[in-house]
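Look at the structure first, then read on.

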Amino acid sequence: MNYTNGNYEAFARPRKPKGVEEKQAWLVGGGLASLAAAAFLVRDAQMDGSRIHILEEAGLPGGACDGLLRPDIGFVIRGGREMENHYECLWDLFRSVPSLEVPDASVLDEFYWLNHDDPNYSMNRAILERGKSADTKNRFDLSDDAAMELMKLFFTPDEALYNKTIDDVLSDEFYQSNFWLYWQTMFAFETWHSALEMKLYLQRFLHHIGGLPDLSALKFTKYNQYESLILPLVRYLEANGVQFEYGVRVENVLFHFLPGKKVAHQMVLTRNGLLETIDLTENDLVFVTNGSCTEESVLGSNDKAPELNIESGTGASWELWKNIAVQNPAFGRPEKFCSDIEATKWESATVTLLDDRIARYVQDICKRDPYAGKVVTGGIVTVKDSAWLMSWTFNRQPHFKAQPEGQLVGWIYGLYPDEPGDFVGKPMKDCTGAEICMEWLYHLGVPESEIERLATEAASTVPCMMPYVTAFFMPREAGDRPDVVPEGCVNFAFLGQFAQTPRDTIFTTEYSVRTAMEAVYTLLDIERGVPEVFGSVYDVRCLLNATHYLLDGRKLTEMKLSLPYKMALHAGLDAVRGTALEELLAQYDLI
């Protein structure tokens, strides 16, 4: 497996790998990573679909990319997927998956045309004081000292950030900036999360710094992530004969450790309540999604709070990873991520507006008609003075194909679910759906005398507590996440958010698909390169453009720097005078 860029290998079709007819694949988990791996096996490895087996414990595929109508409680979306144009592996996959919406088009075609005709951006990124605009003016408001802290983090080697938190490298002055407000709520970072992961995010999305304040960096699907991404992918796999089996829990994969190689030789699983084993040979390729951000999620309802009654580290995907990891250090350290649910949990809620009584408050804030079928909020709206640090969003409507006319489906989340609410006075974790809706309506500016009635009559809200939702952000070091294909493995690979691949960032659809592509291409020696992570971090134009926005348009010489930094800056400017670098600095309005 090798990384490439450009269109030479991107457009090439690999030849059929030698011996693929004798191989079969076992994919543990039915989330996006497994589905993508199956698609790459079909398309690029040219494996017969009947030899590809997807084993999923739940009753339907999709994993964290969900979206369903529960007859007993209503529409449910545990989260949403923010995407961008440089998800190289994701778009490489979906260019080959037929759209279910547009005849003779791929999912990529459909997505591209949608976002071309209706580009995403927010007209009101944050509010306070019960529905008033926070009036951030799309500024980052980083002080010069805070900007230098961010720059220092950006250039810090990975090794120097092992096991460090964001609190270890950034100060309270940084946390007062609009940059942190945008960043924390868009990506769900907490101050106790990994400084290394924050640095990787800065580098990965450098080209989108200017689009953070108004969320114009983002692109969204037409419907929820399940109907727009997962369902067409499943239909593609089914059409190619891929075998799906639900209600199967894989308990362990056992290995033979031979000189120079590791061979998965047996899979232990529970099917129909009975323990079974499947003996494996080197021609049986095993792909395991280790860990899950939505494992053990608990739903409530409009009149019931979700009840989280689990011990840290429980859940099928975590227990499977633990059982594999104890066999060899190369298989990672799951306990680094799943041992403290108090540090990795937060809560979301799906709110369905049953009529138009609340919609006018949404429209007042987002400045768009939510019934128009186009971009509504343009991404999350953050309630800056919310004790829960609440954010909410309405994407294009309808968000579900089954959504009745006149209804709107939105999503709310709170980063601090243990804090008492500003209106309901209770922690979010203890609230029913209706009470979460009341807190939201309070921050929309609904008159207090109308809040309870509207929350119970004009809306239905389904809360969801997710104990591991930011588990992948926990501070870590090399080896905590196993390589996609651990050293010496000949028929085994890890997939998804807790497998290690260079330079890319977790909590993205791209990461799931990238690990899937790398796994298939490595184990089957596919003669085509995996697209490298977009190289904006190495592009001086992107660096200068990001600097321009982070300084809110100020010139470099206007920064209030300490004497050593000031002397270094002026020496550098003198050195580039009369060169193309000076022209670039002027082009990006830095001098």
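A pocket is found on a 1 Å grid over the protein atoms alone: it is an open set of points where a 1.4 Å probe fits, with protein on both sides within 12 Å along at least five of seven lines. Lining residues have an atom within 4 Å of a point. This is a predicted model, in which local features need pLDDT of at least 70, side-chain atom pairs count only at pLDDT 80 or more, and totals for chains, interfaces and linings use all residues. Residues are numbered from 1 along each chain as its sequence is written, and side-chain values use heavy atoms, without hydrogens and water.

**Second largest pocket**
- Its lining has 29 residues; Met-151, Phe-155, Leu-543, Thr-547 and Leu-556 lie nearest the centre.
- The lining holds 27 nonpolar, two polar and no charged residues. (Ala, Val, Leu, Ile, Met, Phe, Trp, Tyr, Cys and Pro count as nonpolar; Asp, Glu, Lys and Arg as charged; the others, Gly among them, as polar.)

**Largest pocket**
- The largest pocket is lined by 47 residues, and Glu-56, Gly-63, Ala-64, Ser-292 and Thr-294 are the closest to its centre.
- This lining splits into 21 nonpolar, 17 polar and nine charged residues.

**His-399**
- His-399 sits in the loop between β16 (390-393) and β17 (408-414). Strands (E, at least two residues) are DSSP runs, numbered from the N terminus.
- Is His-399 buried or exposed? It counts as buried because its relative accessibility is 7%. Buried means under 20% relative accessible area, and exposed over 50%, with a 1.4 Å probe and protein chains only.
- Leaving out residues up to four places away in sequence, His-399 touches Ile-77, Tyr-223, Asn-224, Glu-227 and Val-409. Contact means heavy atoms within 4.5 Å.

Methods: Helix = DSSP H or I, 4+ residues; strand = E, 2+ residues; numbered from the N terminus.
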